[in-house]
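Morning, everyone. Let me put one model on the screen and walk through a few local points.

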Amino acid sequence: MFILVNLKAYPCDPIDVATAARDVAEASGARIAVSPQAADIARVADTGVETWAQHVSPNAHGSHTGSTLAEAVGDNGAEGTLINHSEKRLKLADVDGSVRAAERADLETIVCANNPAQVGAAAALGPDAVAVEPPELIGGDVSVATADPGIVEDAVAAAEAVDPAVDVFCGAGVSTGEDVSTAGDLGAAGVLLASGVAKADDPEAVLEDLVSGI
Ligand SMILES: O=C(CO)COP(=O)(O)O
(Lines give C-alpha, C1' and ligand atoms only; values in the text may rest on other atoms or scores of the structure.)
Protein backbone atom coordinates (compact mmCIF):
# COMPACT_ATOMS: atom_id res chain seq x y z
CA MET A 1 0.00 0.00 0.00
CA PHE A 2 1.23 3.43 -1.03
CA ILE A 3 0.41 6.28 1.37
CA LEU A 4 0.27 9.72 -0.24
CA VAL A 5 -0.13 12.72 2.07
CA ASN A 6 -1.63 15.72 0.31
CA LEU A 7 -0.85 18.90 2.25
CA LYS A 8 -3.33 20.95 0.16
CA ALA A 9 -3.04 24.57 1.39
CA TYR A 10 -3.18 23.63 5.07
CA PRO A 11 -1.14 25.80 7.45
CA CYS A 12 1.18 23.00 8.56
CA ASP A 13 4.97 23.11 8.29
CA PRO A 14 5.68 21.10 5.10
CA ILE A 15 9.23 20.33 6.23
CA ASP A 16 8.06 18.93 9.58
CA VAL A 17 5.60 16.62 7.82
CA ALA A 18 8.13 15.69 5.13
CA THR A 19 10.78 14.83 7.72
CA ALA A 20 8.33 12.73 9.71
CA ALA A 21 7.17 10.94 6.55
CA ARG A 22 10.75 10.27 5.48
CA ASP A 23 11.64 8.86 8.89
CA VAL A 24 8.55 6.63 9.12
CA ALA A 25 9.09 5.40 5.55
CA GLU A 26 12.72 4.54 6.29
CA ALA A 27 11.93 2.82 9.58
CA SER A 28 8.99 0.81 8.26
CA GLY A 29 9.96 0.20 4.63
CA ALA A 30 6.56 1.63 3.62
CA ARG A 31 6.16 3.81 0.55
CA ILE A 32 5.05 7.26 1.77
CA ALA A 33 4.97 10.40 -0.35
CA VAL A 34 4.20 14.02 0.53
CA SER A 35 2.44 16.39 -1.87
CA PRO A 36 3.11 20.01 -0.85
CA GLN A 37 2.26 23.34 -2.45
CA ALA A 38 4.13 23.74 -5.77
CA ALA A 39 6.28 26.49 -4.24
CA ASP A 40 7.48 24.07 -1.53
CA ILE A 41 8.37 21.13 -3.80
CA ALA A 42 12.14 21.70 -3.88
CA ARG A 43 12.64 22.06 -0.14
CA VAL A 44 10.31 19.15 0.63
CA ALA A 45 12.20 16.98 -1.88
CA ASP A 46 15.48 18.06 -0.27
CA THR A 47 14.42 16.24 2.94
CA GLY A 48 14.67 12.98 0.98
CA VAL A 49 10.97 12.13 1.19
CA GLU A 50 9.24 11.01 -2.01
CA THR A 51 7.63 14.22 -3.27
CA TRP A 52 4.58 14.68 -5.48
CA ALA A 53 2.97 17.76 -7.01
CA GLN A 54 -0.69 18.47 -6.31
CA HIS A 55 -1.28 19.39 -9.97
CA VAL A 56 0.52 19.99 -13.24
CA SER A 57 -0.82 22.09 -16.10
CA PRO A 58 -1.60 20.53 -19.48
CA ASN A 59 0.70 22.91 -21.34
CA ALA A 60 4.31 22.51 -22.41
CA HIS A 61 6.95 25.28 -22.27
CA GLY A 62 5.67 28.53 -23.78
CA SER A 63 3.52 31.57 -23.13
CA HIS A 64 1.50 30.14 -20.24
CA THR A 65 1.67 32.58 -17.32
CA GLY A 66 0.61 31.05 -14.02
CA SER A 67 0.97 27.46 -15.16
CA THR A 68 2.56 24.69 -13.11
CA LEU A 69 4.92 23.26 -15.69
CA ALA A 70 5.45 19.50 -15.36
CA GLU A 71 9.10 19.84 -16.34
CA ALA A 72 9.69 22.45 -13.60
CA VAL A 73 7.99 20.22 -11.05
CA GLY A 74 10.26 17.33 -12.04
CA ASP A 75 13.38 19.50 -12.14
CA ASN A 76 12.65 20.54 -8.54
CA GLY A 77 12.52 17.00 -7.22
CA ALA A 78 8.96 15.73 -7.64
CA GLU A 79 8.59 12.12 -8.70
CA GLY A 80 4.87 12.22 -9.42
CA THR A 81 1.77 14.36 -9.56
CA LEU A 82 -1.89 14.29 -8.70
CA ILE A 83 -4.14 15.39 -11.54
CA ASN A 84 -7.80 16.47 -11.38
CA HIS A 85 -8.07 16.47 -7.59
CA SER A 86 -11.60 17.19 -6.38
CA GLU A 87 -10.41 20.66 -5.35
CA LYS A 88 -8.58 21.22 -8.67
CA ARG A 89 -10.98 19.86 -11.27
CA LEU A 90 -10.00 20.00 -14.96
CA LYS A 91 -11.87 19.58 -18.25
CA LEU A 92 -11.45 16.09 -19.72
CA ALA A 93 -9.16 17.39 -22.47
CA ASP A 94 -6.99 19.06 -19.84
CA VAL A 95 -6.83 15.90 -17.70
CA ASP A 96 -5.49 14.16 -20.79
CA GLY A 97 -3.10 17.03 -21.48
CA SER A 98 -1.81 16.99 -17.90
CA VAL A 99 -1.23 13.23 -17.99
CA ARG A 100 0.72 13.66 -21.24
CA ALA A 101 2.70 16.59 -19.79
CA ALA A 102 3.57 14.52 -16.71
CA GLU A 103 4.69 11.63 -18.90
CA ARG A 104 6.99 13.93 -20.86
CA ALA A 105 8.55 15.03 -17.57
CA ASP A 106 8.87 11.42 -16.29
CA LEU A 107 6.41 12.02 -13.46
CA GLU A 108 4.24 9.22 -12.12
CA THR A 109 0.53 10.08 -12.30
CA ILE A 110 -2.57 9.59 -10.17
CA VAL A 111 -5.77 10.94 -11.73
CA CYS A 112 -8.46 11.64 -9.13
CA ALA A 113 -12.15 11.00 -9.70
CA ASN A 114 -15.42 11.45 -7.80
CA ASN A 115 -16.99 8.09 -8.55
CA PRO A 116 -16.49 4.75 -10.37
CA ALA A 117 -17.78 6.07 -13.72
CA GLN A 118 -15.17 8.83 -13.67
CA VAL A 119 -12.57 6.27 -12.56
CA GLY A 120 -13.25 4.32 -15.77
CA ALA A 121 -12.91 7.46 -17.88
CA ALA A 122 -9.71 8.44 -16.05
CA ALA A 123 -8.23 4.94 -16.49
CA ALA A 124 -8.81 5.22 -20.25
CA LEU A 125 -6.34 8.11 -20.32
CA GLY A 126 -3.53 5.77 -19.29
CA PRO A 127 -2.26 7.21 -16.00
CA ASP A 128 -0.24 5.05 -13.61
CA ALA A 129 -3.12 5.10 -11.13
CA VAL A 130 -6.54 6.54 -10.47
CA ALA A 131 -8.01 7.54 -7.10
CA VAL A 132 -11.64 7.60 -6.05
CA GLU A 133 -12.40 10.34 -3.53
CA PRO A 134 -16.09 11.08 -2.83
CA PRO A 135 -16.16 14.88 -2.31
CA GLU A 136 -18.73 14.69 0.48
CA LEU A 137 -16.36 12.53 2.58
CA ILE A 138 -13.22 14.64 2.03
CA GLY A 139 -12.09 16.32 5.24
CA GLY A 140 -14.45 14.20 7.35
CA ASP A 141 -13.82 11.79 10.21
CA VAL A 142 -15.02 8.57 8.55
CA SER A 143 -12.87 6.80 5.99
CA VAL A 144 -14.32 6.22 2.52
CA ALA A 145 -13.50 2.52 2.96
CA THR A 146 -15.82 2.37 5.98
CA ALA A 147 -18.47 4.90 4.93
CA ASP A 148 -18.86 3.57 1.37
CA PRO A 149 -16.92 0.34 0.75
CA GLY A 150 -18.95 -0.29 -2.41
CA ILE A 151 -17.56 2.81 -4.10
CA VAL A 152 -14.00 1.51 -3.63
CA GLU A 153 -14.90 -1.97 -4.92
CA ASP A 154 -16.78 -0.47 -7.89
CA ALA A 155 -13.84 1.83 -8.65
CA VAL A 156 -11.46 -1.14 -8.65
CA ALA A 157 -13.79 -3.02 -11.02
CA ALA A 158 -14.22 0.04 -13.28
CA ALA A 159 -10.47 0.52 -13.70
CA GLU A 160 -9.86 -3.21 -14.16
CA ALA A 161 -12.45 -3.30 -16.97
CA VAL A 162 -10.67 -0.50 -18.84
CA ASP A 163 -7.01 -1.19 -18.10
CA PRO A 164 -5.83 -3.75 -15.52
CA ALA A 165 -2.42 -2.05 -15.41
CA VAL A 166 -3.91 1.05 -13.75
CA ASP A 167 -3.77 0.92 -9.93
CA VAL A 168 -6.68 2.22 -7.86
CA PHE A 169 -6.29 4.36 -4.77
CA CYS A 170 -8.98 5.67 -2.46
CA GLY A 171 -9.14 8.71 -0.25
CA ALA A 172 -11.32 10.85 2.03
CA GLY A 173 -11.39 10.59 5.79
CA VAL A 174 -8.45 8.15 6.00
CA SER A 175 -6.54 8.66 9.24
CA THR A 176 -5.67 5.31 10.87
CA GLY A 177 -3.90 2.05 10.17
CA GLU A 178 -7.26 0.32 10.29
CA ASP A 179 -8.50 2.62 7.49
CA VAL A 180 -5.45 1.67 5.40
CA SER A 181 -5.99 -2.02 6.07
CA THR A 182 -9.70 -1.83 5.17
CA ALA A 183 -8.88 0.03 1.93
CA GLY A 184 -6.37 -2.67 1.00
CA ASP A 185 -8.92 -5.41 1.67
CA LEU A 186 -11.27 -3.68 -0.80
CA GLY A 187 -8.61 -3.83 -3.54
CA ALA A 188 -7.00 -0.40 -3.24
CA ALA A 189 -3.27 -0.20 -3.98
CA GLY A 190 -2.89 2.84 -1.77
CA VAL A 191 -4.57 5.75 -0.01
CA LEU A 192 -4.60 9.52 -0.39
CA LEU A 193 -5.10 11.51 2.77
CA ALA A 194 -4.70 15.07 3.96
CA SER A 195 -6.33 16.38 7.14
CA GLY A 196 -5.50 13.30 9.23
CA VAL A 197 -1.80 14.18 8.97
CA ALA A 198 -1.76 17.88 8.02
CA LYS A 199 -3.97 18.87 10.97
CA ALA A 200 -2.44 16.45 13.48
CA ASP A 201 -0.58 17.67 16.57
CA ASP A 202 1.88 14.81 16.02
CA PRO A 203 2.05 13.89 12.29
CA GLU A 204 4.76 11.28 12.93
CA ALA A 205 2.53 9.35 15.36
CA VAL A 206 -0.32 9.37 12.81
CA LEU A 207 2.04 8.15 10.07
CA GLU A 208 3.32 5.35 12.33
CA ASP A 209 -0.27 4.24 12.92
CA LEU A 210 -1.06 4.46 9.17
CA VAL A 211 1.82 2.17 8.17
CA SER A 212 0.73 -0.38 10.78
CA GLY A 213 -2.24 -1.08 8.48
CA ILE A 214 -0.19 -1.99 5.42
O1 LIG B 1 -8.54 15.07 -0.58
C2 LIG B 1 -7.94 14.21 0.06
C3 LIG B 1 -6.60 13.72 -0.35
O4 LIG B 1 -6.25 14.15 -1.61
C5 LIG B 1 -8.52 13.63 1.28
O6 LIG B 1 -8.56 14.60 2.28
P7 LIG B 1 -8.87 14.15 3.78
O8 LIG B 1 -7.87 13.08 4.13
O9 LIG B 1 -8.70 15.39 4.57
O10 LIG B 1 -10.27 13.62 3.79
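How many C-beta neighbours does glycine 177 have inside 10 Å, and is glycine 177 buried, partly exposed or exposed? Keep that in mind for a moment. Note that this is a predicted model.

Here is the count. Glycine 177 has 16 C-beta neighbours inside 10 Å, so it is partly exposed. The cut-off for buried is 20 or more, and for exposed 12 or fewer. Glycine 177 sits in helix H8. Leave aside residues up to four places away in sequence, and glycine 177 touches Asp209, Leu210, Ser212 and Gly213. Now take alanine 198.

Leu210 takes us to helix H10, residues 203-211. Which residues of H10 are buried? Pro203, Val206, Leu207 and Leu210. Their arc around the axis is only 100°, so they lie on the same side of H10. What do the buried residues of H10 pack against? The partners are S1, H1, strand S2 (31-35), helix H8 (177-185) and helix H9 (195-198).

Next, two helix pairs. In general, two packed helices are described by the angle between their axes and the distance between the axes.

Pair one is H1 with H10. Their axes are 9 Å apart, at an angle of about 35°. The crossing is right-handed. On the H1 side, the contact uses Asp16, Val17, Ala20, Ala21, Asp23, Val24 and Ser28. On the H10 side, we have Pro203, Glu204, Leu207, Glu208 and Val211. By class, this contact holds seven nonpolar, one polar and four charged residues.

Pair two is H5, residues 116-123, with H7, residues 149-162. The axes come within 8 Å and cross at roughly 30°. Angles under 35 degrees count as roughly parallel, so H5 and H7 are roughly parallel to each other. H5 passes H7 in a right-handed crossing. From H5, the contact residues are Pro116, Ala117, Val119, Gly120 and Ala123. They meet Ile151, Asp154, Ala155, Ala158, Ala159, Ala161 and Val162 in H7. That makes ten nonpolar, one polar and one charged.

Step off H5 and you reach alanine 124, in the loop between H5 and strand S6 (129-132). Alanine 124 is partly exposed, because 14 other C-beta atoms lie within 10 Å. Aspartate 96 is 28 residues from alanine 124 in sequence, and 9.6 Å from it in space, C-alpha to C-alpha.

Last item: backbone angles. Most residues other than glycine have a negative phi. Which way does lysine 8 go, positive or negative? Positive: phi is near 50°. Lysine 8 is in the loop between strand S1 (2-6) and helix H1 (14-28). Lysine 8 counts as partly exposed, because it has 18 C-beta neighbours inside 10 Å.

Aspartate 106 also has a positive phi, near 60°. Its place is the loop between helix H4 (92-104) and strand S5 (108-113). Is aspartate 106 buried or exposed? Exposed, because 11 other C-beta atoms lie within 10 Å.

That's my list. Over to you.

Technical notes. Residues are numbered from 1 along each chain as its sequence is written. This is a predicted model: local features need pLDDT of at least 70, side-chain atom pairs count only at pLDDT 80 or more; totals for chains, interfaces and linings use all residues. Helices (H or I, at least four residues) and strands (E, at least two) are DSSP runs, numbered from the N terminus. Axes are lines fitted to C-alpha atoms, for helices over the stretch in contact, and angles run from 0 to 180 degrees between N-to-C directions. Angles under 35 degrees count as roughly parallel, over 145 as roughly antiparallel, 65 to 115 as roughly perpendicular and the rest as oblique. A crossing is left-handed if the near helix is turned anticlockwise from the far one by less than a right angle, and right-handed if clockwise. Two residues are in contact if their C-beta atoms, placed from the backbone, lie within 7 Å. Ala, Val, Leu, Ile, Met, Phe, Trp, Tyr, Cys and Pro count as nonpolar, Asp, Glu, Lys and Arg as charged, and the others, Gly among them, as polar. The arc is that of the directions from the helix axis to the C-beta atoms.
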